[in-house]
Amino acid sequence: MQPAAGIPVSDQPTAEKMTKKYTYIDVAHAQKILDYYNNIGTITKILGLDSSNPSYGGPWLEGIIKLKTNNVETFTNSYVDRIVGNLTDNMVKDTQDKIDKRIENLQDLSSQYPNNQDIKNTIDKLTALKDNVTSENVTNATAMADTIDQLDKYGSQQAYDDLKKAAENPPAVVNKGDLKTEIDTAKALVDDPNYYNSTNKDALDKALSDAETVYGNENAT
């Protein structure tokens, strides 16, 4: 999933370029700022959080990324670690709280449709994903890439709405009992030359194979 930050990646400076402006930080810390900024943009969009929340540092980060911050001497590696660390803690807490709320909603949905395995699988996925949302990962684009894709697939409001709709409108249950009877009857006759000869036996074998494929497919209607 592409980052949903206010400043598109294509308009962002590279980490190397940032160090030309902020000469007291190294490339790794400049990249840390960029990765965190892009991750919060995407995560807040998926989970319905407010990306402009000052506790996530959006406006402050945008000033830095636009190379408009002038207090270069105080903008050091330790300063970045401290400020981004505080922002990250806020982001992680709110993200995990949001995932917990989504899991709670899914558990309520599961209680209404206890035989729906898709809902149970989604709960398991989100429970595992929550453990991946850590302060270390949120400031690392590579570490968060798969987690963000999975959050989009299982944790978004759209994903919940799709599950709810599918649970409320399950596919019709097909009674394949008659088909099974026909298959069993055909198997009993398949080698009887009184019914089938070498000319039409290939056609029977194919028809029987197709019928068994349909019978074994849970999604066949």
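Predicted model: local features only at pLDDT ≥ 70, side-chain atom pairs only at ≥ 80, totals over all residues.
I take helices as DSSP runs of H or I with at least four residues, and strands as runs of E with at least two, both numbered from the N terminus.

**Ground rules**

Residue numbers start from 1 along each chain as its sequence is written, and side-chain values use heavy atoms, with hydrogens and water left out.

**Overall layout**

I looked up the secondary structure. The chain has ten helices and zero strands. Read from the N terminus, the elements run α-α-α-α-α-α-α-α-α-α.

I then looked up burial. Buried stands for under 20% relative accessible area, exposed for over 50%, and partly exposed for what falls in between, using a 1.4 Å probe and protein chains only. Of the 221 residues in the chain, 35% are buried.

Next came contacts, meaning heavy atoms within 4.5 Å. Among contacts with a separation of 6 or more, 73% join residues 24 or more positions apart.

**Nonpolar core**

I searched for cores: sets of buried Ala, Val, Leu, Ile, Met, Phe, Trp, Tyr and Cys residues joined through side-chain atoms within 4.5 Å. The largest one holds 44 residues, and Ile 33, Tyr 36, Phe 75, Met 91 and Leu 126 have the most contacts inside it. At least two residues of this core come from each of α1 (15-21), α2 (27-47), α3, α4, α5 (117-132), α7 (141-154) and α8 (157-168). Helix α4 gives the largest share, ten residues.

Leaving out residues up to four places away in sequence, Met 91 touches Tyr 36, Ile 40, Ile 43, Thr 44, Leu 49, Tyr 56 and Val 138.

**Helix pair α2 and α7**

Two packed helices are described by the angle between their axes and the distance between the axes. My axes are lines fitted to C-alpha atoms, for helices over the stretch in contact, and angles between N-to-C directions run from 0 to 180 degrees. For α2 and α7 I find an angle of about 10 degrees and axes 10 Å apart. That makes α2 roughly parallel to α7. The classes are: under 35 degrees roughly parallel, over 145 roughly antiparallel, 65 to 115 roughly perpendicular, the rest oblique.

From α2, the contact uses Asp 35, Asn 39, Thr 42, Ile 43 and Ile 46; from α7, it uses Ala 141, Met 144, Ile 148, Leu 151 and Asp 152. I sorted these contact residues into six nonpolar, two polar and two charged. Here Ala, Val, Leu, Ile, Met, Phe, Trp, Tyr, Cys and Pro count as nonpolar, Asp, Glu, Lys and Arg as charged, and the others, Gly among them, as polar.

**Salt bridges**

My criterion is a side-chain nitrogen of Lys or Arg within 4 Å of a carboxyl oxygen of Asp or Glu. I followed up some of them.

- Asp 97 pairs with Lys 93, with the closest N and O atoms 3.0 Å apart. The two are four residues apart in helix α4, so about one helical turn separates them. Asp 97 is partly exposed at 39% relative accessibility, and Lys 93 is partly exposed at 49%.
- Glu 104 pairs with Lys 101, with the closest N and O atoms 3.8 Å apart. They sit three residues apart in helix α4, so about one helical turn separates them. Glu 104 is partly exposed at 40%, as is Lys 101 at 44%.
- Glu 168 pairs with Lys 164, with the closest N and O atoms 2.5 Å apart. Both lie in helix α8, four residues apart, about one turn of the helix. Glu 168 is partly exposed at 39%, and Lys 164 is partly exposed at 32%.

**Two single residues**

I checked Gly 58, which lies in helix α3. Gly 58 is buried, at 6% relative accessible area. Beyond residues up to four places away in sequence, Gly 58 touches Tyr 37 and Asn 53. Gly 58 and Tyr 36 are 22 residues apart in sequence, with 10.0 Å between their C-alpha atoms.

Last, I checked Thr 69. Thr 69 lies in the loop between α3 (58-65) and α4 (77-112). With 16% relative accessibility, Thr 69 counts as buried. Setting aside neighbours within four places in sequence, Thr 69 is in contact with Lys 21, Tyr 22, Gly 63 and Ile 64.
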